[in-house]
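Subject: The structure I promised you

Hi,

Here is the structure I said I would pass on. Have a look at it first, then read my notes below and check them against what you see.

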Amino acid sequence: MLRYLYADELHKHPRLAEDMFRDRADQFKTRLGWDVQVNEKGEERDRYDDLNPLYVIWEEEDGGHGGSMRFLPTTGPAMVNDVFGHLTGGAPICSPLIWEVTRFCLSRTASPCTAGAIMLSGGEVMEGFGLTHIAGVFDARMVRIYRLIGSSPEILGSQGVGRDQVSVGLWPFSQADCARVAERAGIPRELSRLWFNAAFGKSGRPRFARSA
């Protein structure tokens with residue numbers, strides 16, 4: 001199932017949280033060789049985790065972490081502007097209707113539907129909170145994954161070539177995309193919406209530590 005948890009709610013699901021940060025270290029540091037910091041507990045964390053972001057986590061049947069990603073509004077600190085702003089020509093992406101997603105992570109033992117379920121959560125967040133777009137930074141390997149999932153972004157800018165290419169993209173909200181992603185993930189859209197409503201209610205409002 002999908003769980004929507006702010007950072008200050010992770011203590012309610014300690015195993016899920018610990019697995020998420022350790023799987024992030026495994027994916028980004030060990031497998032991809034990114035220049036990220038791993039603490040003494042074997043967890044990958046950065047300064048954006050201190051801003052009470054919203055995490056979407058796929059919880060496997062055994063209660064473990066299958067995959068996850070992190071949301072923050074672009075009206076506050078965001079990697080797409082702070083770290084990768086040069087990819088969009090220095091023009092910041094800043095709108096209350098656009099949130100950033102980062103740290104798209106899959107565990108080594110993720111079930112086949114996990115990637116699609118996580119992407120489906122992006123559509124639920126956009127629809128549920130009235131957003132128009134999701135922004136994200138991704139490397140070349142993700143282009144094929146997004147295509148298979150059924151939701152590809154509009155690329156705003158890139159650098160590098162081949163497997164080293166890094167891009168910034170925007171995903172617009174689309175009911176058609178949501179339906180396609182749900183179908184390919186094998187998750188009924190009604191069930192996906194039920195998981196979202198369980199976290200926020202039908203008229204829930206987002207909350208973050210810092211936003212403009």
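Glu9 touches Tyr4 and Arg207, if you skip the residues up to four places away in sequence. You'll find Glu9 in the loop between strand E1 (2-6) and H1. Tyr48 is 39 residues away from Glu9 along the chain, and their C-alpha atoms are separated by 16 Å. Before you go on, keep in mind that this is a predicted model.

Tyr4, one of the residues that Glu9 touches, leads us to the inside of the protein. Tyr4 is among the residues with the most contacts inside the largest nonpolar core, together with Leu54, Phe71, Trp99, Val125, Phe129 and Ile134. That core has 33 residues in total. Which element gives the largest share of this core? Helix H3 (residues 114-129) does, with 8 residues. There is also a second, separate core of 14 residues, and Tyr48, Leu87, Ala135 and Val166 are included in it.

Two packed helices are described by the angle between their axes and the distance between the axes. I'll go through two pairs that way.

Take H3 and helix H5 (residues 175-185) to begin with. They pack at an angle of about 150 degrees, and their axes are 9 Å apart. Angles over 145 degrees count as roughly antiparallel, so H3 and H5 are roughly antiparallel to each other. H3 passes H5 in a left-handed crossing. On the H3 side, the residues that meet H5 are Gly116, Ala117, Met119, Leu120, Gly123 and Glu127. On the H5 side, you have Gln175, Cys178, Val181, Ala182 and Ala185. Sorted by class, this contact has 7 nonpolar, 3 polar and 1 charged residues.

Now for H3 and helix H6 (residues 189-200). This pair packs at an angle of about 60 degrees, with the axes 10 Å apart. That angle makes H3 oblique to H6. The crossing of H3 past H6 is right-handed. From H3, the contact uses Leu120, Glu124, Val125, Glu127, Gly128 and Phe129. From H6, Arg189, Ser192, Arg193, Phe196 and Phe200 take part. These residues divide into 5 nonpolar, 2 polar and 4 charged.

Is Met119 buried or exposed? Its relative accessible area is 13%, so Met119 is buried. Leaving aside neighbours within four places in sequence, Met119 is in contact with Phe104, Tyr146, Ile149, Ser151, Trp171 and Val181. Val181 sits 62 residues from Met119 along the chain, yet their C-alpha atoms are separated by 7.4 Å.

Ser151 is on that contact list too, so let's look from the other end. Ser151 is found in the loop between helix H4 (140-149) and strand E6 (154-159). Although Ser151 is in a loop, it counts as buried, at 8% relative accessibility. What does Ser151 contact once its neighbours within four places in sequence are left aside? The list is Met119, Tyr146, Trp171, Asp177 and Val181.

Gly90 counts as exposed, because its relative accessibility is 55% and the cut-off for exposed is over 50%. Gln159 is 69 residues from Gly90 along the chain, and the C-alpha atoms of the two are separated by 14 Å.

**Two backbone angles to check**

Most residues other than glycine have a negative phi.

Asn52 has a positive phi of about 55 degrees, although it is not a glycine. Asn52 lies in the loop between helix H1 (14-31) and strand E2 (54-59), and it is buried, with a relative accessible area of 11%.

Arg103 also has a positive phi of about 55 degrees without being a glycine. Arg103 lies in a strand, E4 (residues 98-106). Arg103 is buried, with a relative accessible area of 11%.

That's what I have so far.

Cheers

How values were computed:
Residues numbered from 1 in each chain as written. Predicted model: local features only at pLDDT ≥ 70, side-chain atom pairs only at ≥ 80, totals over all residues. Heavy atoms only, no water. Helix = DSSP H or I, 4+ residues; strand = E, 2+ residues; numbered from the N terminus. Buried < 20%, exposed > 50% of the residue type's maximum accessible area, 1.4 Å probe, protein only. Core = buried A, V, L, I, M, F, W, Y, C linked by side-chain atoms within 4.5 Å. Axes fitted to C-alpha atoms, helices over the stretch in contact; angles between N-to-C directions. Parallel < 35°, antiparallel > 145°, perpendicular 65-115°, else oblique. Left-handed = near helix turned anticlockwise from the far one by under 90°. Contact = heavy atoms within 4.5 Å. Nonpolar A, V, L, I, M, F, W, Y, C, P; charged D, E, K, R; others polar.
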